Amino acid sequence: MGLALTEAAACLATGDVPVGAVVLGPDGGVVGAGRNRREADHDPTAHAEVLALRAAATTLGRWRLDDCTLVVTLEPCVMCAGATVLARVPRLVLGAWDPKAGACGSQWDVVRDSRLNHRVEVVGGVREQECSAVLREFFAGHRRD
């Protein structure tokens with residue numbers, strides 16, 4: 001989670017919402033990393049999780065990440081939860097829960113939906129206070145009185 005938090009912090013330079021993600025390979029080493037880049041890249045799909053999954057697939061030379069773990073600072077949205085399922089990731093470790101848009105147990109539970117062909121184990125609340133604080137500080141700086 002520390003590496004994901006480092007990725008999240010790098011978002012501040014581009015004005016992106018500070019969310020970071022890493023994909024750990026079968027040996028526990030990082031095979032992919034990403035951070036939100038929607039503002040930087042002008043790309044609505046440039047979420048931390050999608051970029052980390054793409055990087056991992058490139059590193060490993062395969063789209064099936066069925067022996068990897070996705071670690072992310074904020075509960076994934078519907079798009080990112082779907083990408084996690086489609087990549088066959090078996091385990092998701094998340095920091096802060098997202099009660100407004102989370103799709104891994106908060107608003108929806110895409111990753112554990114029995115109607116899909118793959119389900120993901122979710123380990124939530126890892127370093128939750130740190131992950132939440134990064135987001136709170138970011139949004140506090142963007143709110144108008």
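Which residues is E49 in contact with, leaving aside its neighbours within four places in sequence?

## E49 and its surroundings

Leaving aside neighbours within four places in sequence, E49 is in contact (heavy atoms within 4.5 Å) with A21, L70, V72, L74, P76 and C80. E49 is found in helix α3, residues 48-60, where helices (H or I, at least four residues) and strands (E, at least two) are DSSP runs numbered from the N terminus. The relative accessible area of E49 is 4%, so this residue counts as buried, a word that means under 20% relative accessible area, with exposed meaning over 50% and partly exposed in between (1.4 Å probe, protein chains only). An unreviewed UniProt entry places the feature "active site" at E49; such annotations may be inferred rather than shown by experiment, and the positions are given in the numbering used here, with feature names shortened.

## Basis of the model

This is a predicted model, in which local features need pLDDT of at least 70 and side-chain atom pairs count only at pLDDT 80 or more, while totals for chains, interfaces and linings use all residues. Residues are numbered from 1 along each chain as its sequence is written, and side-chain values use heavy atoms, with hydrogens and water left out.

## Strand β3 and T69

T69 lies in strand β3, which covers residues 69-74, and is buried because its relative accessible area is 12%. Its side chain is joined to that of R91 by a polar contact of 3.0 Å, that is, a pair of N or O atoms within 3.5 Å of which, within protein, one must be able to donate a hydrogen and the other to accept it, residues adjacent in sequence counting only if both atoms are side-chain atoms. Beyond four places in sequence, the residues in contact with T69 are V22, V23, L24, V89, R91 and V93.

## The largest nonpolar core

A nonpolar core is a set of buried Ala, Val, Leu, Ile, Met, Phe, Trp, Tyr and Cys residues joined through side-chain atoms within 4.5 Å. The largest one here has 36 residues, and those with the most contacts inside it are M1, V19, V23, L65, L92 and V111. Two or more residues are given to this core by each of α1, β1 (20-24), α3, β3, α4 (78-86), β4 and α5.

The buried residues of α5 are C131, S132, A133, L135 and F138, and what covers them includes α1 (2-10), β3 and β4 (91-96).

## W97 in its loop

W97 sits in the loop between β4 and β5 (121-123) and, at 32% relative accessibility, counts as partly exposed. Among the residues that W97 touches, not counting those up to four places away in sequence, are L74, E75, C104 and E128.
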